[in-house]
Each structure stands twice: as C-alpha cells, then as structure tokens.
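Have a look at the model below, and keep it open while you read. We'll walk through the strands, the packing and the charged pairs.

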Amino acid sequence: MDSVDLELFADYHQIHLSDDGSTGDLSEAWTDQAVVDRLAVVDDAMAIGTSVNVTVAVRVDVLDAPPADDLADYDHVVEGSMQVRSGRIVVMGCTDYEPDAARFRVPVGPVRVRAASSNLAEAERLGVDSDEAPQTMERLRVQVWPAPSGEPVVVKRWVGESGLRQGR
C-alpha cells in the first residue's frame with residue numbers, strides 16, 4: 001500500500017481525481033444530487049465535494065484490494081469508479097496547476113475510489129478559518145483500488161449544519 005499526505009486547496013468546495021491525461025469534463029456531472037452526495041463522476045475523472053472552500057488535509061492510499069470497514073471513524077463516505085488508462089491518477093484542488101499536481105501509480109483499468117471525510121463539524125463551524133490549525137482542518141481520506149466499475153454510492157451521509165440533509 002502506498003500512502004501520501006497532502007494539503008490541497010478545496011477551491012469551489014472540491015478536490016479532483018483523474019486519469020493522467022484525462023480530458024473528462026466534470027462541469028455537467030455536478031447535478032443537484034451530486035452536490036448533496038459530494039461526488040461528481042465522469043468516465044476517467046471525479047470530484048469529491050468538501051464542506052469548506054479552504055485548504056483540507058488529504059491522505060491518498062493506493063490499495064491492492066477493497067479497504068476494511070472503518071466507517072465509524074468518518075462523517076461522510078462516498079464511492080465511485082473511474083477508468084485509468086495511463087496507469088497514474090492525478091490528485092489536486094480543482095483550480096491547482098495540473099502539471100504540478102501529485103500523481104500516483106495505479107493499475108490500468110477500472111478503479112474504485114472511496115472518499116471518507118472527517119472533522120466536518122469543526123471545519124464547518126470555523127469555515128474560512130478552519131485551515132489555520134491541523135485539529136480544525138477538514139480531513140479527506142481517498143482510497144483507490146482495482147475493481148470493476150460500479151455506480152456512485154453514498155456509503156455514509158453527513159447530516160451536519162451545511163444543509164446536506166437531503167436524501168436520495
């Protein structure tokens with residue numbers, strides 16, 4: 001397993017993952033439901049929604065198999081699939097400069113991504129000031145493993161104060 005910790009600016013409340021070289025356009029994928037679910041997906045890219053529009057702590061884990069169930073440790077958990085043709089994924093804030101973004105080797109083919117968010121109550125409470133200290137930052141763990149393509153799913157829904165109380 002490869003793991004890397006990053007701090008990324010979640011401009012427009014989102015972090016992007018894509019196949020290296022992707023031309024996927026996420027603008028149409030941000031439906032009303034995708035905003036509520038915090039996940040927008042196209043063939044070879046996805047955007048993970050965040051509570052805050054500031055820097056968030058992001059841990060990226062590249063796995064060989066599906067992760068263990070540790071949902072109790074997280075506030076909001078979503079999963080989606082994407083195609084990786086290059087053998088590398090790019091992880092970045094949505095307005096970051098893509099050539100400088102972090103890249104991770106993953107198997108070619110379909111991968112599953114689990115995005116698990118935590119510390120949302122504190123991050124939402126402090127809003128634009130949440131990134132001033134590690135203990136108040138929104139945290140996002142992104143796990144990637146080879147798996148057949150599947151529909152996006154909300155595994156655990158955050159029902160905090162941000163208005164994300166709507167269901168499917």
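S2 and strand S4 (residues 45–49) run antiparallel to each other, joined by five bridges. Here two strands count as paired if DSSP finds at least two bridges between them, and the element labels are DSSP runs numbered from the N terminus, with helices (H or I) of at least four residues and strands (E) of at least two. Within this pairing, Leu 17 sits opposite Met 46 in S4. This is a predicted model, in which local features need pLDDT of at least 70 and side-chain atom pairs count only at pLDDT 80 or more, while totals for chains, interfaces and linings use all residues. Residues are numbered from 1 along each chain as its sequence is written, and side-chain values use heavy atoms, with hydrogens and water left out.

Now try S5. Eight bridges connect S1 and S5, which run antiparallel, and Val 4 faces Val 60 in S5. S5 and S10, in contrast, run parallel and share six bridges; there, Asp 61 has Gln 143 in S10 as its bridge partner.

What does the largest nonpolar core look like? It has 29 residues, and those with the most contacts inside it are Leu 17, Val 58, Ile 89, Val 91, Val 142 and Val 144. By nonpolar core we mean a set of buried Ala, Val, Leu, Ile, Met, Phe, Trp, Tyr and Cys residues joined through side-chain atoms within 4.5 Å. Elements giving two or more residues to this core include strand S1 (2–9), strand S5 (55–62), strand S7 (88–93) and S10, and S5 gives the most, with four. Apart from this core lies another, of seven residues, among them Ala 34, Val 42, Ala 45 and Ala 47. Back at Leu 17, the residues it touches (heavy atoms within 4.5 Å) include Met 46, Ile 89, Val 91, Val 142 and Val 144, leaving aside residues up to four places away in sequence. In soluble globular proteins, nonpolar side chains tend to be buried together.

On to the charges. Searching the whole structure turns up twelve salt bridges, each being a side-chain nitrogen of Lys or Arg within 4 Å of a carboxyl oxygen of Asp or Glu. In one of them, Arg 157 pairs with Asp 37, with the closest N and O atoms 2.9 Å apart. Arg 157 lies in the segment after strand S11 (153–156) and Asp 37 in helix H1, so this pair ties together parts that are 120 residues apart in sequence. Asp 37 counts as buried because its relative accessibility is 4%, whereas Arg 157, at 22%, counts as partly exposed.

Where else do charges meet? Asp 20, Arg 88, Glu 98 and Arg 103 are linked in a network of salt bridges. Asp 20 is in the loop between strand S2 (14–19) and helix H1 (32–37), and its relative accessibility of 14% is why Asp 20 counts as buried. Its side chain makes a polar contact with the side chain of Arg 88 at 2.2 Å, and another, of 3.1 Å, with that of Arg 103. A polar contact is a pair of N or O atoms within 3.5 Å; within protein, one must be able to donate a hydrogen and the other to accept it, and residues adjacent in sequence count only if both atoms are side-chain atoms. Glu 98 and Arg 103 form a salt bridge of their own at 2.5 Å, N to O. Glu 98 is partly exposed at 32%, and so is Arg 103 at 28%.

Methods. Buried < 20%, exposed > 50% of the residue type's maximum accessible area, 1.4 Å probe, protein only.
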